[in-house]
Structures are given as structure tokens and as C-alpha cells.
Amino acid sequence: MMRRISITGPESTGKSWLAEKLAGYYGEPWVPEFARNYLQKLDRPYEFPDILRIAEGQYAAENALAQDARKFLFCDTDFLVCHVWCMVKYGKSHPWIEQMLNRHLYDHYLLCNADLPWEADPLREHPHLREKLLEIYIEELTYRKLPFTLISGEGEARLAMALEALKQVNAEPDSD
């Protein structure tokens, strides 16, 4: 049985790094963040409808890569990221994103803590809001009763914590 694992959280918290490392450890696919490629190709500032296009693109990429997964599919971002992004930037979320957030659930959410140094990037917007955004993610995951583990530490310690979380929540199939 294939399990979808979301790597979620505020920007510049190591989501892509963690998704790639977990995929490498298990020899499974990971779904890169669709937003990065989409925004790099956009020839104007993004707008509210663009976040819907990003969510749709992320979903399509995830479904395409799910065909290659045996035990795990590691997803670098999810509908929760799109929801929080919409709410923080526009004070509202798109109905389709809300519907998918409630319908397209993951087996476990690895919430990346904002304990890594900020890495500047033209696509990142909120270096001083990461702690507040982390609180929002925790509130949303808790309110929605979604299974999550807060992942902290740097480098291999962060990876080890994520691997242990997958074992503890029985997301990793027994090797027997």
C-alpha cells in the first residue's frame, strides 16, 4: 500500500531538501514544489488566481508521480501550503483549494520547523513571519485533526527525526 507523506510548513524551512532526502533513503519518488517553476516562468507579479493554478499543478504532478511509488510518495508541499498562502496574502482561500484540503488527505504530515536559518530567494516573501506562519500551520493541522509531526534540527538530525516520525506513526511498513 502506497502512503502519501506531505512535507509542509513555512517557506525556507527545508521542505524540498527533506522531501528529496526521504525519497533517496527509501528509493521512492518525491514531488517537487510546483510553485517554484510556475512563478519563475511568470512574467508578472502573481495574483490570487495563480495560487489556484499552482495547487492544480501540484495535484497533477503528485498524481503522475504516484504511479511510480511503491511504498511512499513524498510531496514537497500540499493544499495546506496553498491555503495558508492564500489566507496570509489575500485573506481568503479559493473554494477548490478548500475542497481539496478537506478531501485529499495525506497519511502523515511532516511539518518543518522554522529553526533553520533564512535563505534569501526572490520567490520568498516573509523572513520575519516564519514563527507566526508555523503557529498557523500547527493550528490548522490540529483543528483539522490531521496526523503530523514537527520536524526540527539541521541536516542529518532533521532527516533522522523525519525517519523516526515515519516509524512511530506506523507509516513505514514492517520489514518482517
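Contact means heavy atoms within 4.5 Å. That cut-off applies to every contact described below.

## The model

This is a predicted model, in which local features need pLDDT of at least 70, side-chain atom pairs count only at pLDDT 80 or more, and totals for chains, interfaces and linings use all residues. Residues are numbered from 1 along each chain as its sequence is written, and side-chain values use heavy atoms, with hydrogens and water left out.

## Overall layout

The chain has seven helices and five strands. Helices (H or I, at least four residues) and strands (E, at least two) are DSSP runs, numbered from the N terminus. From that end, the order of elements is β-α-β-α-α-β-α-α-β-α-β-α. The radius of gyration is 15 Å, close to the 16 Å that the globule rule gives for 176 residues, so the chain is as compact as a globular protein of that length. Here the radius is taken over C-alpha atoms, and the rule is 2.2 Å times the number of residues to the power 0.38.

Along the principal axes, the C-alpha atoms fill a box of roughly 50 × 35 × 30 Å. Of the 176 residues, 47% count as buried. Buried means under 20% relative accessible area, exposed over 50%, and partly exposed in between (1.4 Å probe, protein chains only). Take the contacts with a separation of 6 or more: residues 24 or more positions apart account for 77% of them.

In soluble globular proteins, nonpolar side chains tend to be buried together. A nonpolar core is a set of buried Ala, Val, Leu, Ile, Met, Phe, Trp, Tyr and Cys residues joined through side-chain atoms within 4.5 Å. The largest one here has 31 residues, and Ile51, Trp85 and Ile97 touch the most other members. Two or more residues come from each of helix H2 (34-41), helix H3 (48-66), strand E3 (72-76), helix H4 (79-90), helix H5 (95-103), strand E4 (108-112) and helix H6 (130-143). H4 gives the most, with seven residues.

Which residues does Ile97 contact, leaving aside neighbours within four places in sequence? They are Ile51, Leu52, Ala55, Phe79, Cys82, His83 and Cys86. A second, separate core has 17 residues, including Ile5, Ile7, Ile151 and Leu159.

## Helices H3 and H4

Two packed helices are described by the angle between their axes and the distance between the axes. The axes of H3 and H4 come within 10 Å and cross at roughly 175°. That makes H3 roughly antiparallel to H4. Axes are lines fitted to C-alpha atoms, for helices over the stretch in contact, and angles run from 0 to 180 degrees between N-to-C directions. An angle over 145 degrees counts as roughly antiparallel, under 35 as roughly parallel, 65 to 115 as roughly perpendicular and the rest as oblique.

H3 brings Phe48, Ile51, Ile54, Ala55 and Tyr59 to the contact, while H4 brings Phe79, Cys82, Trp85, Cys86 and Tyr90. By class, the contact has ten nonpolar, no polar and no charged residues. Ala, Val, Leu, Ile, Met, Phe, Trp, Tyr, Cys and Pro count as nonpolar, Asp, Glu, Lys and Arg as charged, and the others, Gly among them, as polar.

Gln58 lies in helix H3. Is Gln58 buried or exposed? Gln58 is buried, with a relative accessible area of 5%. Not counting residues up to four places away in sequence, Gln58 touches Val31, Pro32, Glu33, Phe34, Ala35, Asp76 and Thr77.

Gly57 is also in H3. Gly57 is buried, at 13% relative accessible area. Gly57 and Tyr38 are 19 residues apart in sequence and 8.7 Å apart in space, C-alpha to C-alpha.

## Two positive phi values

Most residues other than glycine have a negative phi, and most peptide bonds are trans. Ser12 has a positive phi, near 60°. Ser12 sits in the loop between strand E1 (3-8) and helix H1 (15-26), and is buried at 7% relative accessible area.

Lys145 has a positive phi of about 55° although it is not a glycine. Its place is the loop between H6 and strand E5 (148-151). At 72% relative accessibility, Lys145 counts as exposed.
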